[in-house]
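I opened my notebook to work out how two chains sit together. Here is what I looked up, in the order I looked it up.

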Amino acid sequence: MRKRYTREKKHRSGEIPTGSFSDIAFLLIIYFLVATTLVKVKTITADLPAGEKTSQPQSDKTPIVNLRGNEIFLNDRNVSIDELNDRLAALELGTQEPSKRVIMLESARGTPYENYFQALASISKHDGVVAIVEEDE
Amino acid sequence: MKKRPQRRKRRTVPVPIASMGDIAFLLIIFFMVCSEVSRDNSNIQVTLPFSEYVEKIEIPVAARVAIDESGEIYFDGVRVDGAKDVEWGVRALLTNTVSDDQRHVQFKCDAALPKETFEPVLKAIAEAGGIIEAVGENPNP
């Protein structure tokens, strides 16, 4: 005689195990905290106000920085970047009214951005307002 | 008769950990919602110029303009045709700004590029009303 199958099937609950959810979540948080890099770049703030183009010179006393290749001229005198810094510091532009803080920046064709950036940084550091001088076409 | 001191019952204080998972997931959702995806296109090939006056920027920038070593101009990571596109883009972004702090525009340019390439872009940002944050590196970090 065939034996009757009497044993009951084990009752299995279909619950999802949620006990480790908090561990997973905290691991995710830690991962993102560790893996995140805060992008903070180093910059110089250049005050280059937009203005109307004028063919007249600003003033005879307005300092003019001229970049020709790798050379820097301040009021037609050849200076090094350190000398430029010293001379701009001596002008005490921060104490002047805005219209007297203008420094004209002229550059010859082919001037690399490296030199331009250093002059711009120097002027900005000493509270100068940069006015770009354009070449006549 | 002196009473014998009663032994204190030791009570187990269970720390409620049932809601830990919820707290953790809430934290994740909070960070995901609040975080801003960086639009800084780091795959642009740029050799930065050096200056001892560069400082870490603390103000959020309204836009990012970059010129790579081949002279290609990027506005917020997207390549554009020329300085005029940069001007329009910056102008559009700065339309609803109310304070100067919202007008900062990051400018990244390759150190070797000549004036003819970068100066029109600088002028375009200035014309659009942006305050230029020129990215550089400190020679003595």
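**Entry 1: pairing.** I needed one term before anything else: two strands pair if DSSP finds at least two bridges between them. With that in hand I checked one spot and found that I67(B) stands opposite C109(B) in β5(B). I also reminded myself that this is a predicted model.

**Entry 2: chain B as a whole.** I counted the elements next, and chain B has three helices and six strands. Reading along the sequence, I wrote down the pattern α-β-β-β-β-α-β-α-β. Chain B has 141 residues, and 29% of them count as buried. I then looked at contacts in chain B with a separation of 6 or more, and 76% of these come from residues 24 or more positions apart.

**Entry 3: the sheet.** In what order do the strands of the open sheet lie? I traced seven strands as β1(B)-β1(A)-β6(B)-β5(B)-β2(B)-β3(B)-β4(B), with mixed pairing. I looked at the edges too: β1 and β4 (78–80) of chain B each have a single partner strand, so one side of each is left without a neighbour in the sheet.

**Entry 4: strand by strand.** I went through the pairings one at a time.
- β2(B) and β5(B) run parallel and are joined by five bridges.
- β5(B) also pairs with β6(B) in the parallel sense, over four bridges.
- Within that pairing, F107(B) has A134(B) in β6(B) as its bridge partner.
- H104(B) stands opposite I131(B) in β6(B).
- β1 of chain A (residues 42–46) runs antiparallel to β6(B), and four bridges join them.
- T45(A) has E133(B) as its bridge partner in β6(B), while T43(A) has V135(B).

**Entry 5: two helices, one from each chain.** I first noted that two packed helices are described by the angle between their axes and the distance between the axes. For α1 of chain A (residues 21–35) and α1(B), the axes come within 8 Å and cross at roughly 30°. Angles under 35 degrees count as roughly parallel, and α1(A) and α1(B) are therefore roughly parallel to each other. The crossing of α1(A) past α1(B) is left-handed. Which residues meet there? From α1(A) I listed F21(A), S22(A), A25(A), F26(A), L28(A), I29(A) and F32(A), and from α1(B) I listed M20(B), G21(B), A24(B), F25(B), L27(B), I28(B) and F31(B). By class, the residues of this contact are 12 nonpolar, two polar and no charged.

**Entry 6: the whole interface.** Last, I looked at everything the chains share: 40 residues of chain B are in contact with 34 residues of chain A. On the chain B side, the elements that give two or more residues are α1 (20–34), β1 (55–56), β5 (104–109), α3 (115–127) and β6 (131–135). Which element gives the most? I found that α3(B) does, with eight residues. The side of chain B that touches chain A has 22 nonpolar, seven polar and 11 charged residues.

Definitions and conventions: Residues are numbered from 1 along each chain as its sequence is written. Chains are lettered from A and ligands numbered from 1 in the order in which they are written. This is a predicted model: local features need pLDDT of at least 70, side-chain atom pairs count only at pLDDT 80 or more; totals for chains, interfaces and linings use all residues. Two residues are in contact if their C-beta atoms, placed from the backbone, lie within 7 Å. Ala, Val, Leu, Ile, Met, Phe, Trp, Tyr, Cys and Pro count as nonpolar, Asp, Glu, Lys and Arg as charged, and the others, Gly among them, as polar. Axes are lines fitted to C-alpha atoms, for helices over the stretch in contact, and angles run from 0 to 180 degrees between N-to-C directions. Angles under 35 degrees count as roughly parallel, over 145 as roughly antiparallel, 65 to 115 as roughly perpendicular and the rest as oblique. A crossing is left-handed if the near helix is turned anticlockwise from the far one by less than a right angle, and right-handed if clockwise. A residue is buried if 20 or more other C-beta atoms lie within 10 Å of its own, exposed if 12 or fewer, and partly exposed in between; C-beta atoms are placed from the backbone.
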